[in-house]
Amino acid sequence: MVNVMKGILIKCDPVMKQFLLHLDETMKLGSKFVLVDLDECHLFVQPEVYNSLKNLIDEQYEKVYYNQKSSLE
Amino acid sequence: MYGPQTLTCKNLQEYLKSLSRDILDRLYNHPATCLAVFRELPALSRQFILRLLFVNKPVAQVLLASWIPQHDAGRDVGDIAAEHRQGTQVLLDMCIWQEVKDQQGNMAIRLSSTFRENLKVAILGGGRPWTMSATLDSDPHQRNVEFLDKYAMDRWESVLQFLVQPGRGQKAISRDAMRTLLHAGLIESSGESDNMQITSAGFQFLLLDTASQVWFFILKYLETVTERGMSLVACLTFLFKLSFSTLGKDYSMEGMDNELLTFLQHLREFGLVYLRKRSSGRFYPTRLALNITAGQNKGIIDVPKQGNLIIETNYRVYAYTTSELQISLLAIFCDIEGRFPNMVVASISRSSVRRALLKGIGAEQIISFLKQHCHPQMYKLSSVVPRTVADQIKLWEMERERLEFTEGVLYKDFMSLHDFNLLSNYASSNGVLIYSDERQRTMVVTKKGHPSIKTFWKEEQAK
Amino acid sequence: MTEEGCLLVMVVDMHPQLAEHDAHTYLNAVVAFANLHLAANVRNSLGVLAANHLESRFLYPSCDGDGVERQRDGRLEMLGQVDRAIERGLKTMAVAAGASPMHSEQSESLLSGAMGRGLLYIKRRETEEVLTKKLQSRLLVLKISSDTGSQYLTYINAYLTAQKMSTPVDVCVVGGECGLLQQGADITGGTYHCVRQVTELLQTLLLMYHCGPATRRKMNAPPPDTVDYRAACFCHRTLVDMASVCSNCLSVYCKAVPLCTTCNVIFQTDRPLVRLSKKKK
């Protein structure tokens with residue numbers, strides 16, 4: 001019988017995909033969310049994680065980016 | 001699906017195509033409409049019309065095909081043929097010409113005679129004047145171009161100002177303007193009945209250039225016209241007539257019925273015409289109303305006011321203005337750092353651009369806003385907005401687009417390759433297939449496509 | 001579908017020879033074509049010059065200010081103004097030509113001067129452009145008079161200037177062929193066509209000259225003829241096949257001359273060779 005699963009298809013570059021797999025392993029979202037690892041650029045994940053995933057990625061960017069403060073302050 | 005929508009504005013062609021055939025036929029009964037439509041057509045279509053302008057009988061399709069150059073050194077004739085086809089298709093869609101059969105029974109093209117006659121009148125003369133100003137004597141309260149420009153910008157800016165801060169100044173703009181803004185989705189009421197909030201579409205609207213804003217606004221207004229009990233054809237015809245007026249001249253209100261007078265009154269509130277008082281019997285079109293149908297393409301025909309932004313390669317922006325509106329617009333995507341008597345210092349940073357991106361504004365919109373409002377000195381540089389700044393804004397937008405999310409349903413563990421192929425072909429022919437891998441026999445379809453796939457699969461199993 | 005506007009400068013031949021053809025149809029065709037150009041794109045602009053055997057004059061935009069002109073018929077106001085400006089200019093020219101005592105049978109129209117003025121107008125508009133974007137422009141020359149080689153040099157100067165400015169020069173000749181103008185169209189990348197009757201003029205103008213060079217390539221056109229590239233000699237102004245050329249300034253003479261009139265270089269012709277007797281020892 002064919003297996004049917006509902007979720008979200010994520011398409012990204014290979015770098016981001018590895019990052020998402022890392023998040024999955026370390027359970028940063030509270031539980032494992034990746035359902036199927038499709039190929040180098042595609043992942044199939046649980047439908048509820050959309051918002052928390054976006055927030056996590058935004059946080060990660062904030063950590064990495066240099067925000068220069070203006071000299072007028 | 002996920003994320004805010006981009007603001008799209010139809011141009012004149014798309015708008016007219018959306019009207020019914022009957023309305024189009026009535027519209028083409030006036031020279032101003034035909035000329036406005038003619039101007040907005042692509043160059044090849046215009047050439048086709050001109051070639052048939054003086055021909056009364058239907059022209060065989062074969063003849064039209066002979067206009068495509070046959071062979072040429074180095075150029076791809078296929079592209080040119082495609083352009084010809086596109087040109088003819090546009091004319092068919094706009095009901096400017098029709099396909100008929102001529103006497104020998106071959107396929108022929110016939111230019112609509114209403115369109116042809118009215119276009120000839122608009123360009124070459126004849127017919128009756130449609131501005132009806134021949135009997136107008138000179139105005140004792142003549143207004144000059146500077147006054148009209150100032151009036152137009154004041155009124156238009158009050159509408160924009162309302163958008164930026166909908167809470168206060170609600171009395172500053174008319175109810176009709178507010179109604180149109182609501183209808184256009186630029187503001188929405190939040191919770192309490194009196195408070196209005198700007199939407200993401202509203203932000204994008206603010207950053208457009210004035211000509212596009214006016215065109216978008218008028219289009220949305222026209223969509224509400226039938227609700228108010230006015231005739232769309234009359235309003236559109238008047239709008240086209242207005243768009244061909246000369247700046248600085250007054251035009252007579254003679255012969256306008258009540259509907260048109262109401263329309264004129266609304267246009268006055270938006271700043272498209274100036275009317276001293278209703279009884280004076282004459283009005284002055286302002287720069288906003290001229291060539292309005294060119295919409296986004298109006299570009300830089302007339303430059304009513306000069307820009308005042310200087311953008312440096314260190315991401316600093318200096319705005320030589322004291323207008324509250326300009327400063328609020330800048331604050332959408334810049335951090336304002338200092339204010340001086342004649343100038344404002346701001347800087348573009350990742351956080352300020354992200355703030356704007358989260359509201360649904362695109363990098364391209366920010367860059368085009370900067371380009372429009374930059375100081376004339378900047379035009380001497382090779383690229384008006386420094387390349388570093390423009391590229392960085394685009395990169396900040398791209399970093400938000402690294403992930404693409406689509407809700408879907410996954411199918412895997414098929415028994416046989418045949419089953420897999422059957423289902424994936426069916427899904428792709430319906431346009432709902434978003435991923436498929438033959439080796440692993442997994443495929444994903446959209447959430448909406450799932451029910452139909454399910455029924456198809458059940459039918460297959462039953463066989 | 002943003003299209004750049006195009007500045008079209010028309011140079012109209014108003015030689016009194018026009019009386020042999022139908023002047024009314026000719027002028028109607030000119031004005032109709034000018035109107036069609038302005039109507040086609042809101043960013044198009046126009047300049048019209050007329051040339052007869054005495055002078056060349058700017059018809060549109062006119063120097064005298066227009067009063068407030070109202071629409072008289074269903075035509076666009078601006079187009080009506082163009083019409084009236086052209087009419088006024090032509091009337092002044094005709095009156096001036098009538099009053100002058102000079103005979104018109106031998107002379108030809110001062111088209112080359114008018115072309116030069118047209119190119120200057122284009123250049124001026126380019127520098128006035130606010131945003132320093134290249135103004136797309138082209139020159140259209142309408143000629144009815146017969147040709148003599150007397151303006152050869154001025155024509156060539158005008159063509160080379162136009163080529164430098166990337167302005168194509170289109171030519172439409174009524175009546176007979178004109179090799180000089182054909183050369184010009186070829187050098188600058190414009191189109192040349194000869195119309196036999198004035199009644200065919202508007203049709204030809206619409207079919208071949210209305211669209212800009214980019215669109216013209218997309219429509220089928222009659223194949224170009226071979227161009228007569230013969231130069232005119234400087235002494236007699238006749239077209240020659242073989243000639244002598246000054247090595248200093250490249251002026252063309254039909255037979256060898258000892259002194260070049262343009263650059264005053266003396267040539268040594270037909271002198272016997274001097275034997276270098278010293279060398280032989």
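Author: Chain A has two helices and three strands, and from the N terminus on its elements run β-α-β-β-α. Please keep in mind that this is a predicted model. Buried residues make up 37% of the 73 residues in chain A, and among its contacts between residues at least 6 apart in sequence, 58% join residues at least 24 apart.

Reader: What makes β2 of chain A and β14 of chain B the edges of the sheet?

Author: The sheet is an open one of six strands with antiparallel pairing, in the order β2(A)-β3(A)-β1(A)-β13(B)-β15(B)-β14(B). Both β2 (34–39) of chain A and β14 (433–437) of chain B have a single partner strand, so each has one side without a neighbour in the sheet and stands at an edge. On average, neighbouring strands of this sheet are turned by 30° against each other, direction ignored.

Reader: How do you know that β13 and β15 of chain B are paired?

Author: Two strands pair if at least two bridges are found between them. Strand β13 (residues 404–412) of chain B and strand β15 (residues 442–446) of chain B run antiparallel and are joined by four bridges, which meets that requirement. Within this part of the sheet, Val409(B) stands opposite Val445(B) in β15(B). Helix α18 (residues 417–430) of chain B packs on the sheet, where it touches β13, β14 and β15 of chain B, and its direction makes about 25° with that of β15(B).

Reader: Which feature does UniProt place at residues 391–458 of chain B?

Author: An unreviewed UniProt entry places there the feature "domain: Transcription factor Tfb2 C-terminal". In the model, this span is 47% helix and 28% strand, and its end C-alpha atoms lie 52 Å apart.

Reader: Why is the pair of Phe205(B) and Phe216(B) called tilted?

Author: For Phe205(B) and Phe216(B) the centres are 5.6 Å apart and the planes stand at 45°, so the rings pair and the pair is tilted. Phe205(B) lies in helix α10 (residues 200–206) of chain B and Phe216(B) in helix α11 (residues 210–223) of chain B, so the pair ties together parts that are eleven residues apart in sequence. By this rule, the count over all chains comes to 21 aromatic pairs. One aromatic cluster is formed by residues including Trp156(B), Phe217(B), Tyr221(B) and Phe238(B).

Reader: Are Phe205(B) and Phe216(B) buried or exposed, and how do you know?

Author: Buried means under 20% relative accessible area. Phe205(B) has a relative accessible area of 0%, so Phe205(B) is buried, and Phe216(B), at 3%, counts as buried too.

Reader: Why is Ser56(C) called buried?

Author: The relative accessible area of Ser56(C) is 18%, which is under 20%, so Ser56(C) is buried by that rule. Ser56(C) lies in strand β3 (residues 56–60) of chain C. Leaving aside residues up to four places away in sequence, Ser56(C) touches Ala50(C), Ala51(C), Leu110(C), Ala114(C) and Arg117(C).

Reader: What is the phi of Cys95(B), and what is that of Tyr315(B)?

Author: Most residues other than glycine have a negative phi. Cys95(B), however, has a positive phi of about 60° although it is not a glycine, and Tyr315(B) likewise has a positive value, near 70°. Cys95(B) is found in the loop between α6 (77–93) and β2 (97–101) of chain B, and at 12% relative accessibility Cys95(B) counts as buried. Tyr315(B) has its place in the loop between β9 (309–311) and β10 (316–319) of chain B, and at 18% relative accessibility Tyr315(B) counts as buried.

Reader: What makes the peptide bond from Tyr60(C) to Pro61(C) a cis bond?

Author: Its omega is near 0°, and the bond is cis. Most peptide bonds are trans. Pro61(C) is found in the loop between β3 and α2 (77–99) of chain C.

Methods:
Residues are numbered from 1 along each chain as its sequence is written. Chains are lettered from A and ligands numbered from 1 in the order in which they are written. This is a predicted model: local features need pLDDT of at least 70, side-chain atom pairs count only at pLDDT 80 or more; totals for chains, interfaces and linings use all residues. Side-chain values use heavy atoms; hydrogens and water are left out. UniProt positions are given in the numbering used here, feature names are shortened, and annotations may be inferred rather than shown by experiment. Axes are lines fitted to C-alpha atoms, for helices over the stretch in contact, and angles run from 0 to 180 degrees between N-to-C directions. Contact means heavy atoms within 4.5 Å. Rings of Phe, Tyr and Trp (its six-membered ring) pair if their centres lie within 6.5 Å; planes under 30 degrees apart count as stacked, over 60 as edge-to-face and the rest as tilted. Buried means under 20% relative accessible area, exposed over 50%, partly exposed in between (1.4 Å probe, protein chains only).
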